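Please open the model in your viewer and keep the selection tool at hand. The stops below are meant to be taken in order.

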Amino acid sequence: MIERRGIGIFPGVVIGHAAVFRHTILDNVEHALTDDPEAELAVFENAVESVMQEIRAIKPRSKEEKDILGVYESMLSDPDYLALIKENIGARRYTASWAVEAATEKYSSALAALGDAYFKERIADIKDAESRLLGAIAGISSEIIVDKPSIIVADYLTPSELIQMNRANILALLLDTGGPTSHVAILSHSEEIPAILGLGDFSRNTEDDSIVAMDAREGVAVICPDEKVLRSFRAKKGIALRNEKELRENAVLPAETLDGHRIHLMCNIEGLEGIDGAISAGAEGIGLFRTEFLALQDFGGDEEKKAGIYEEAARKMSPFGPVTFRTYDLGGDKAADGMAAEENPILGWRAVRFCMERKDIFRKQLISILRASALSPSVRIMFPMISGSEELKDVLSFLEEVKDECRKKGIAFDENMKIGTMIETPSAAITADVLADYVDFMSIGTNDLIQYTIAVDRGNERIAYLYRPLHPAVIRLLKYVADSAKKKGVTVSICGEMAGQAEYAPLLVGLGFDELSMTAHSILEVRKRIRTLDWESCVDFADNVLSLRDASSIEHALKEYNGKT
Ligand code: PEP
Ligand code: MG
């Protein structure tokens, strides 16, 4: 019996037979020279052709899958990448596999040097395209056959490998590597597959078909559990199933504290396919539609298509609550094609800074959102990364300009569409009382607010220990924004990850937040927690927290409070 701990991604307790996949053959490319570059070139070209055919034959099951396949196709038709491989074979006389490995390495290193999370994810995709090519060169099919219900145990799994598997037979995923922002993690969330990543040497210790037990919420997996451990996992599984059933059944109940204080739970989505999950979780609206994900798939592309998506989202969601379109938060870790690499992209040309310079792109998006607003009074617009009132006023006056254009052209829109600003920078938080004068609502992006307040890159694992949502500086800013919004009569919410973690609910509710936006599954969990809270007590608790001097004290106090209530 061997136990390992990793990072739980999508929760679930699963006991089942392991299907083990390791990529060792493809990861050990022999560095040999060839006497016959012509023949190696032919091998390489056939491999590209067969991988392309393989990829085109896959029917994507979701938007995420479609995006990933698109990245492979563009990689395998990238003229620079292909030319480099051919040069490695023709001029340097590398074998086809070595030529592919060397070219991919060069590409990935160039992206790694840019050092941000978005590019790190692209590297995983490039590596995936590479392993498919190496497999085709070696005559190995990259399709992993899962012919009976199994827990997939692997050293790593590329998104395309996961996409190709028979989903009905995947009970869970246990991977040696990977983190919460990897594409496999994103897919495990969107497909609701229980998963633990970063398990170290787990796959090396697991035999095919052996019994494995896992609890993704705790991030623990056991190979060949003994009868006692199995019993404990069966008990946990029973509890987890009952909890999940209860969470789903409670989706119709209001998120209301024991003393009758109502909290509104909304959903964060990246595209139209998130709407159904939001509705079934009982979301009271979309608090954050990250529109830039649509732009990243099709940058500068068909605006009509995007307008159609906004309209469809508004139409589907309007019976339940508002749909908040955040304008393009491009740049930073979400650079689109053609955006030049910057020395310091997180503090650089991003979000409204980019949009106000590329007004051609911004104008089209604003028109699309305005058009959607004509269909439903539920449409709201929100601007990301606002750093102060002047920037906000500039953006608002551009919105007015675009509204005028619409009026002149007879494009209908809702004249009363609600306008909001995100609070993601310390400067915006500290001047929230001023910003409140210009908007109808404010939404705090704690992911960025924490990163900028503590000066700690949210994507850098090395300094992750400093990324403390409960740092007193963050809590004081949250309090200040909540109070400022209330004084000025504007709605205030939180849409960063902090809002979706049930353990923070007593503090956020106590600080005065009545609206929180999060992923669909988090809505179920946060609702449950809110229904056990006493609002008056949360307010007292938050008051007490505001007097604490460091993150550890606040973490400790919250743990204690959660233990008691
Ligand atoms: C945030 O910063 O908290 C936020 C919601 O925006 P994003 O995570 O997309 O940067
Ligand atoms: Mg943000």
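The tour goes from the ligands to the cores, then to one helix and a few single residues.

**Before you start**

This is a predicted model, in which local features need pLDDT of at least 70 and side-chain atom pairs count only at pLDDT 80 or more, while totals for chains, interfaces and linings use all residues. Residues are numbered from 1 along each chain as its sequence is written, chains are lettered from A and ligands numbered from 1 in the order in which they are written, and side-chain values use heavy atoms, with hydrogens and water left out.

**Stop 1: the magnesium ion**

Select ligand 2, the magnesium ion, together with Glu424 and Asp448. These two residues are its protein donors, through OE of Glu424 and OD of Asp448, and they lie 2.0 Å from the ion. Donors here are N, O and S atoms within 2.8 Å of the metal (3.2 Å for Na, K and Ca); water is not among the atoms, so sites may look incomplete.

Now colour by secondary structure. Helices (H or I, at least four residues) and strands (E, at least two) are DSSP runs, numbered from the N terminus. Glu424 sits in the loop between strand S13 (418-423) and helix H16 (426-430), whereas Asp448 belongs to helix H18 (residues 446-454). The two are 24 residues apart, and the pair links distant parts of the chain. Are Glu424 and Asp448 buried or exposed? Both are buried. Buried means under 20% relative accessible area, exposed over 50%, and partly exposed in between (1.4 Å probe, protein chains only).

**Stop 2: ligand 1**

Select ligand 1 and the 14 residues around it; a residue counts as near if one of its heavy atoms lies within 4 Å. Which of them come nearest? They are Arg290, Arg326, Gly445, Asn447 and Arg458.

- Arg326: an N or O atom of the side chain is 2.8 Å from an oxygen atom of ligand 1.
- Asn447: a backbone N or O atom lies 2.8 Å from an oxygen atom of the ligand.
- Gly445: a polar backbone atom is 3.4 Å from an oxygen atom of the ligand.

**Stop 3: Thr291**

From Arg326, move to Thr291. A polar atom of the Thr291 side chain lies 2.6 Å from the backbone oxygen of Arg326. Thr291 is in the loop between strand S10 (286-290) and helix H11 (292-297), and at 0% relative accessibility Thr291 counts as buried. Contact means heavy atoms within 4.5 Å. Leaving aside neighbours within four places in sequence, Thr291 is in contact with Tyr310, Phe325, Arg326, Thr327, Tyr328 and Gln365.

**Stop 4: the nonpolar cores**

A nonpolar core is a set of buried Ala, Val, Leu, Ile, Met, Phe, Trp, Tyr and Cys residues joined through side-chain atoms within 4.5 Å. The largest has 99 residues, and Phe383, Met442, Leu478 and Leu516 touch the most other members. Apart from it lies another core, of 52 residues, among them Ala19, Val51, Trp98 and Leu173.

Zoom in on Leu516. Not counting residues up to four places away in sequence, Leu516 touches Ile263, His264, Leu265, Met266, Ile494, Ala499, Leu508 and Val526.

Next, select Ile530 in helix H21 (residues 520-530). Ile530 counts as buried, at 0% relative accessibility. With residues up to four places away again left out, Ile530 touches Ala255, Glu256, Thr257, Ile263, Leu265 and Ala505.

**Stop 5: helix H22**

Select residues 535-545, helix H22, where Cys538, Phe541, Ala542 and Val545 are buried. They cover an arc of only 100 degrees around the axis, taken from the directions to the C-beta atoms, which puts them on the same side of H22. On the other side, Glu536 and Asp540 are exposed.

What do the buried residues of H22 pack against? Their partners are helix H19 (472-488), helix H20 (505-511) and helix H23 (551-564). Ala542, at 2% relative accessibility, touches Leu507, Gly510 and Leu511, not counting residues up to four places away in sequence.

**Stop 6: two positive phi angles**

Most residues other than glycine have a negative phi. Select Arg93, with phi near 65 degrees, in the loop between helix H4 (79-90) and helix H5 (96-114). Arg93 counts as partly exposed, at 38% relative accessibility.

Finish at Ala351, where phi is positive at about 50 degrees. Ala351 is in helix H13 (residues 351-357) and, at 0% relative accessibility, counts as buried.

Technical notes: Polar contact = N/O pair within 3.5 Å; in protein donor to acceptor, adjacent residues only side chain to side chain.
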